[in-house]
Protein chains: 2
Amino acid sequence: MRFRLGEYVPYLLSRAGVSLATNVSRELDAFGVSLPMWRVMAALLDEGEQRLGDLARLTAIELSTLSRIAAAMEARNLVTRRRSGQDARAVIIALTPEGRAKTESIVPRAMDWESMAVAGMTEDEVRVLKGLLQRLYGNVAGPEPLPGPERD
Amino acid sequence: MRFRLGEYVPYLLSRAGVSLATNVSRELDAFGVSLPMWRVMAALLDEGEQRLGDLARLTAIELSTLSRIAAAMEARNLVTRRRSGQDARAVIIALTPEGRAKTESIVPRAMDWESMAVAGMTEDEVRVLKGLLQRLYGNVAGPEPLPGPERD
DNA sequence: TATTGTTATACTCTATAACTATA
DNA sequence: TATAGTTATAGAGTATAACAATA
């Protein structure tokens, strides 16, 4: 059984993701935010204010890393951090007006990055790609480490 | 225009890639190799010995990082480094017999990781996913930074 | 001069664990 | 006791640039 790198899904996924992330990071320099910061901003713009832990899951950023990123973003007036009223242990992260404005200024470029990534694909192919990536994530996400090759 | 995180390809790609990579890294601990090392080993197993620069492109690992990884792998007898005969500037990286044996011992588990990632997908869907990821990579790879939203 | 790698630096993210505050 | 975050530390990858050897 030969191992075919060019047909191996984890490789194809990683390679595409790394290359796209590298390009996007470079573009984000012009906006003065890092890629993880942009992910946080995009998540907050779409989903509204979030508990830090939920934001970590949403962005796939490790919690302690996100804690520091959130602190840096607060220092730059992009987000606020406040204790939850319901659960005083939880911290709610929310976009400031400045953060929202900056995020909205990036969104049009972000759409360009997506267009570039899927250039040459039909709308239907893009839809299929999104669906498959969502399903793949569902298979590999979650607290369970790695159940096994089949999940049924 | 609302920004839909759950429909945004770069996000879906990153989220899936990060989650899968985290799982795979954890599994690779048992083999005593890091994820970047496994990528290098898999590339060498499939494509044969490579110049360092080609290996960097193949694995999407930054060149200076790969240089250090290759040194570490050489120290562990997984690969050899030798100067190319045709171009004495170039360094050829090749699997040692031990490196090859270790790589081949990982391959079956690697196939499991892929199976887990695509669980629930038909063979046809997997084929489509691979094709789309390859095309996406083609759109975002290359020396050109970011040409624009359309490439025609 | 340009290219291939190596090395060094500064920065960032991850993994882990210890710790605080709250539930 | 368990959970939500914070903080500290060690390890590793990235970006960048300076450098050596070769083309």
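The model is predicted, so local features need pLDDT of at least 70 and side-chain atom pairs count only at pLDDT 80 or more, while totals for chains, interfaces and linings use all residues. Residues are numbered from 1 along each chain as its sequence is written, chains are lettered from A and ligands numbered from 1 in the order in which they are written, and side-chain values use heavy atoms, with hydrogens and water left out.

Q: Why is Leu95(A) called buried?
A: Buried means under 20% relative accessible area, exposed over 50%, and partly exposed in between (1.4 Å probe, protein chains only). Leu95(A) has a relative accessible area of 18%, so it is classed as buried.

Q: What does Leu95(A) touch, leaving out residues up to four places away in sequence?
A: Its partners are Met41(A), Leu44(A), Leu45(A), Leu78(A), Val79(A), Arg100(A) and Thr103(A). Contact here means heavy atoms within 4.5 Å.

Q: Where does Leu95(A) sit in the chain's secondary structure?
A: Leu95(A) lies in strand E3 (residues 91-95) of chain A. Helices (H or I, at least four residues) and strands (E, at least two) are DSSP runs, numbered from the N terminus. By that count chain A has 6 helices and 3 strands, in the order α-α-β-α-α-β-β-α-α.

Q: What makes Asp46(B) and Arg2(A) a salt bridge?
A: The term asks for a side-chain nitrogen of Lys or Arg within 4 Å of a carboxyl oxygen of Asp or Glu. For Asp46(B) and Arg2(A) the closest N and O atoms are 2.6 Å apart, and the pair is counted as a salt bridge. Between chain A and chain B the count is 5 salt bridges.

Q: Which elements of chain A give two or more residues to the side that touches chain B?
A: They are helix H1 (9-28), helix H2 (35-47), helix H5 (97-117) and helix H6 (123-140) of chain A. H1(A) gives the most, with 14 residues.

Q: How much area is buried between chain A and chain B?
A: The size of an interface is often given as the accessible area lost when the parts come together. Buried area is the accessible area (1.4 Å probe) that two parts lose on being put together, summed over both. For chain A and chain B the value is about 6,400 Å², with carbon and sulfur atoms giving 67%. The contact takes 61 residues from chain A and 61 residues from chain B.
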